Amino acid sequence: MSTTRILVVCLGNICRSPMAEGALRARIAASHLDGRVEVDSAGTGGWHAGEPPDRRAIACARRHGVDIGGLRARQVRSRDFEDFDWLLCADADNLRDVRRLAPVEARHKVALLLDWAGTVPGGEVPDPYYGGDDHFEETWSLVDAAALAAVERLSTRAGLGIIVP
Ligand code: 4NP
């Protein structure tokens, strides 16, 4: 049985993308896709590499029953374009930066998370880093809705990357 691999990307990999990773992991684990989808996250910047998520992101995810405290930040690397089927970006800056890094043959794998999931066409996940707890709650509601929609998308044969004859 094939495995689909998803990498969520933001700037620092300490707020939005680890929250999205946590939401995706939880929604997938609760679905029939459990064991068939792998999820990771990374940042376009490397300033926080090796660090756990921002304590506000950890607290927000915990309020929603998801533990992201064990995640550690890392920067996007060239191997990611081979290792993952989808590189899903939080905002338009991340999308531009990841597309610039992508080899031509992998460019079609790079998309905006909310657009790919279909929850907010063309939509971005705003950076909560300089905001308050309400901004983190807004981030959670966006990424969790996308995670729920992602399970739907991945449940179709096309979403799993299988060519429908
Ligand atoms: P993230 O948020 O991209 O959602 O992880 C940020 C985290 C750190 C910084 C910016 C955004 N920073 O400038 O250090």
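In this predicted model, R56, A57, C60, A61 and R63 of helix α2 are in contact with D133, F136, E137 and W140 of helix α6. Sorted by class, the residues of this contact are five nonpolar, no polar and four charged. Helix α2 covers residues 55–63, and its axis lies 10 Å from that of α6, at an angle of about 55 degrees. Angles of 65 to 115 degrees count as roughly perpendicular and those under 35 degrees as roughly parallel, so α2 and α6 are oblique to each other. Their crossing is right-handed.

Helix α6 also packs against helix α1. The axes of α1 (residues 16–29) and α6 (residues 133–155) come within 8 Å and cross at roughly 40 degrees. This angle makes α1 oblique to α6. The crossing of α1 with α6 is right-handed. On the α1 side, the contact is formed by R16, M19, A20, A23, L24, R27 and I28. On the α6 side, the residues are F136, T139, W140, V143, D144, A147, L148, A150 and V151. By class, this contact holds 12 nonpolar, one polar and three charged residues.

The ligand is the remaining topic. The residues around the ligand are C10, L11, G12, N13, I14, C15, R16, H48, D127, Y129 and Y130.

| Residue | Atom of the residue | Distance to a ligand oxygen atom |
|---|---|---|
| G12 | backbone N or O | 2.8 Å |
| N13 | polar backbone atom | 3.2 Å |
| H48 | polar side-chain atom | 2.7 Å |

H48 contributes a polar side-chain atom instead.

Conventions: Residues are numbered from 1 along each chain as its sequence is written. This is a predicted model: local features need pLDDT of at least 70, side-chain atom pairs count only at pLDDT 80 or more; totals for chains, interfaces and linings use all residues. Side-chain values use heavy atoms; hydrogens and water are left out. Axes are lines fitted to C-alpha atoms, for helices over the stretch in contact, and angles run from 0 to 180 degrees between N-to-C directions. Helices (H or I, at least four residues) and strands (E, at least two) are DSSP runs, numbered from the N terminus. Angles under 35 degrees count as roughly parallel, over 145 as roughly antiparallel, 65 to 115 as roughly perpendicular and the rest as oblique. A crossing is left-handed if the near helix is turned anticlockwise from the far one by less than a right angle, and right-handed if clockwise. Contact means heavy atoms within 4.5 Å. Ala, Val, Leu, Ile, Met, Phe, Trp, Tyr, Cys and Pro count as nonpolar, Asp, Glu, Lys and Arg as charged, and the others, Gly among them, as polar. A residue is near a molecule or strand if one of its heavy atoms lies within 4 Å of it. A polar contact is a pair of N or O atoms within 3.5 Å; within protein, one must be able to donate a hydrogen and the other to accept it, and residues adjacent in sequence count only if both atoms are side-chain atoms.
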